[in-house]
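Keep the structure open while reading.

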Amino acid sequence: MNAPAAPSATPDQSPALIAALLALDPARLGGVVIAGPYSHLRDACIEHLLAAWPESAPRRRLPVTTTDDRLLGGLDLAATLAAGRPVLETGVLGATHGGVIIVPMAERMPTLIVSRLAAALDSGSLRLERDGVSTTLPARVALIALDEARDDEAGLAPALTERLAFCINMDALAPQDKWPEPLDAHSLGRARTRLANIRVPVSHLVALNEAALAYGIDSLRAPLMAVWTARALAALEEADTVDESHIAQAAALVFSHRATRMPAVAEAEPPDDAAEPPAPPPESASDTEATEDNQAEPTADETERLLEAVRAALPPGLLAALAAGNLRSRQRGAEGRAGTRQRSPTHGRSLGATRMTGRGGRVHVLATLREAAPRQALRRSTQATAGKIRITRDDLRVHRFESRRALVTVFVVDASGSSALHRLAEAKGAVELLLADCYVRRDRVALIAFRGSGAEMLLPPTRALARARRSLAGLPGGGGTPLAAGLDAALDVCERVQRAGDRSAIVLLTDGRANIARDGAPGRERAEADARASARNLRAAGIPTLLVDTSPRPQPFALALAAEIDGLYLPLPHADARLLNQAVRATAQDGRTRS
């Protein structure tokens, strides 16, 4: 048998090993997340994973547009009309029992579909009720979830990541020519026979829980999945008991992509030579064996080796973020991303059908027919409607749509004389880079400049990148700094955007040297007071704001103004387009999550 190699400093996370583990215990391990954009290497990875399942095992793809009826099953319209009684059809979950479901763009799945899949992974079955007909179908499936989210986007919903044991990061995956060959069906069958009899010492269980706690993993499913993974690894190596190498490799496979912090380094206590513990009494061979098998406390070395195994498997970017203590959870972002959606009666992505409660909405013809079909036999017996389908108002169903709320990023640029003297050219270059990034994200942008005695709308909300560049290139510099006028103009644009049902965020680039009041009168004291008042108006409106201090030295008033707005403050004494881009992305994400 070709047993997998023993764990090394870099644990084996090849598709062949993960495929073998999932094929041995799909009910407990759930599946795998493949993180990364589409590529031929990803297709090869999926084929490698599927090779562990027999040819007879069903395989289905679950489009992101799948409805609840299609997933669970619903009324078979043709059969119901022919039989005169409700006849249910099997959905994707029931039809894939014992097989694999591949979910492309899994990060975009609706919450309802996520909850259905999570329930199926928990119970291995689904209960279907339609028009008084109730049935329970087996639905034991494994998921291959393709997470294509970028760094600034929310990833797969936590309800699924908790239930899928493994994650393959395409950026860190070895070249295909270095992947080991998948195990043959005979070897997997022998390992599956041994799996139920694999023993796990209690000390290993305690060590796994300590390692999960050290890396900030608060889900109880993770250490359980690590135990089941270790048992499967032992079965593949024809062992009867899980040893430390199995535990270390299982922890690396299950914990590495779930870590949220670096473990604290414990300080070694000085030895106390004065008080030595008494020598333990001699034990019989049977007592020693029982103690080793049921040891409740792992040794410090064992826990430390587990921590090192997980640390070796951490992706480099994640390791740096954990070390800096500033990891932003994409899973938490998934909740915020749901806030960028709104229900619409006429347009957007279809969420299925619902009962018609008023006069609005588009009739869902198929759902209406399915609702009316079981009642046709009764209606034909009481009314002269032979050969016709009788539909009443209670049968009518309408579409449910969901549309995304667009984000408008309002750039407010200080074009006064002091700013032009300092960094106006650099600010223009940074804004141009940010405009291009907003265009990639399909966000709309608006451009406001303030100088002299007031503010000017150079560009209303638009997606036209070329037009935004032309407006920015022709922006002159000079004159006073009417900061309050710029903030008031930005607030006016954001309020109009919000009245239209969209969301907004502000990026303010200024050196903070306000010297023109709201009424156009010069004077630093009045100008700063008016700017503070305008900032409080922005704060009351709840508009996420990033203030970029473009002065060569950070200005105290700019910092105080950012605090008044309750926004982010970014001093930029040196031009750094990358840092500025990251800050604007964070502000845009805040704009998506605020209600």
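## Salt bridges and their setting

At 13% relative accessibility, Arg 163 counts as buried (under 20% relative accessible area; over 50% is exposed and the range in between is partly exposed, with a 1.4 Å probe and protein chains only). The model is predicted, so local features need pLDDT of at least 70 and side-chain atom pairs count only at pLDDT 80 or more, while totals for chains, interfaces and linings use all residues. Residues are numbered from 1 along each chain as its sequence is written, and side-chain values use heavy atoms, without hydrogens or water.

Arg 163 forms a salt bridge with Asp 122 (a side-chain nitrogen of Lys or Arg within 4 Å of a carboxyl oxygen of Asp or Glu). The closest N and O atoms are 2.9 Å apart. Arg 163 sits in the loop between helix H8 (158–161) and strand S7 (166–169), and Asp 122 in helix H7 (residues 111–123), so the pair ties together parts that are 41 residues apart in sequence. Helices (H or I, at least four residues) and strands (E, at least two) are DSSP runs, numbered from the N terminus. Asp 122 is partly exposed, at 45% relative accessibility.

A second pair joins Glu 238 and Arg 190.

Arg 108 is partly exposed at 41%, whereas Glu 107 is buried at 5%. By the rule above, the count comes to 17 salt bridges. Side chains of opposite charge can pair when their charged atoms come close.

| Residue | Partner | Distance |
|---|---|---|
| Arg 163 | Asp 122 | 2.9 Å |
| Glu 238 | Arg 190 | 3.0 Å |

## Helix pairs

How do H11 and H12 cross? The axes of helix H11 (residues 221–236) and helix H12 (residues 244–255) come within 8 Å and cross at roughly 130°. Axes are lines fitted to C-alpha atoms, for helices over the stretch in contact, and angles run from 0 to 180 degrees between N-to-C directions. H11 and H12 are therefore oblique to each other. Angles under 35 degrees count as roughly parallel, over 145 as roughly antiparallel, 65 to 115 as roughly perpendicular and the rest as oblique. The crossing is right-handed. Handedness is left if the near helix is turned anticlockwise from the far one by less than a right angle, and right if clockwise.

Contact means heavy atoms within 4.5 Å. On H11 the contact residues include Ala 222, Met 225 and Leu 233, and on H12 they include Ile 247, Leu 253 and Phe 255. By class, this contact has 12 nonpolar, 3 polar and no charged residues. Ala, Val, Leu, Ile, Met, Phe, Trp, Tyr, Cys and Pro count as nonpolar, Asp, Glu, Lys and Arg as charged, and the others, Gly among them, as polar.

Helix H22 (residues 483–499) and helix H23 (residues 524–541) also have axes within 8 Å, crossing at roughly 20°. That makes H22 roughly parallel to H23. Their crossing is left-handed. Among the contact residues are Leu 487 and Asp 488 of H22 and Asp 530 and Leu 538 of H23. This contact has 8 nonpolar, 2 polar and 2 charged residues.

## Positive phi

Glu 238 has a positive phi of about 60° although it is not a glycine. Asp 566 has a positive phi of about 65° and is not a glycine either. Asp 566 lies in the loop between helix H24 (556–565) and strand S16 (568–571). Asp 566 is partly exposed, with a relative accessible area of 46%.

## Whole chain

The secondary structure comes to 25 helices and 16 strands. Of the 595 residues, 47% count as buried. Residues 24 or more positions apart account for 78% of the contacts with a separation of 6 or more.
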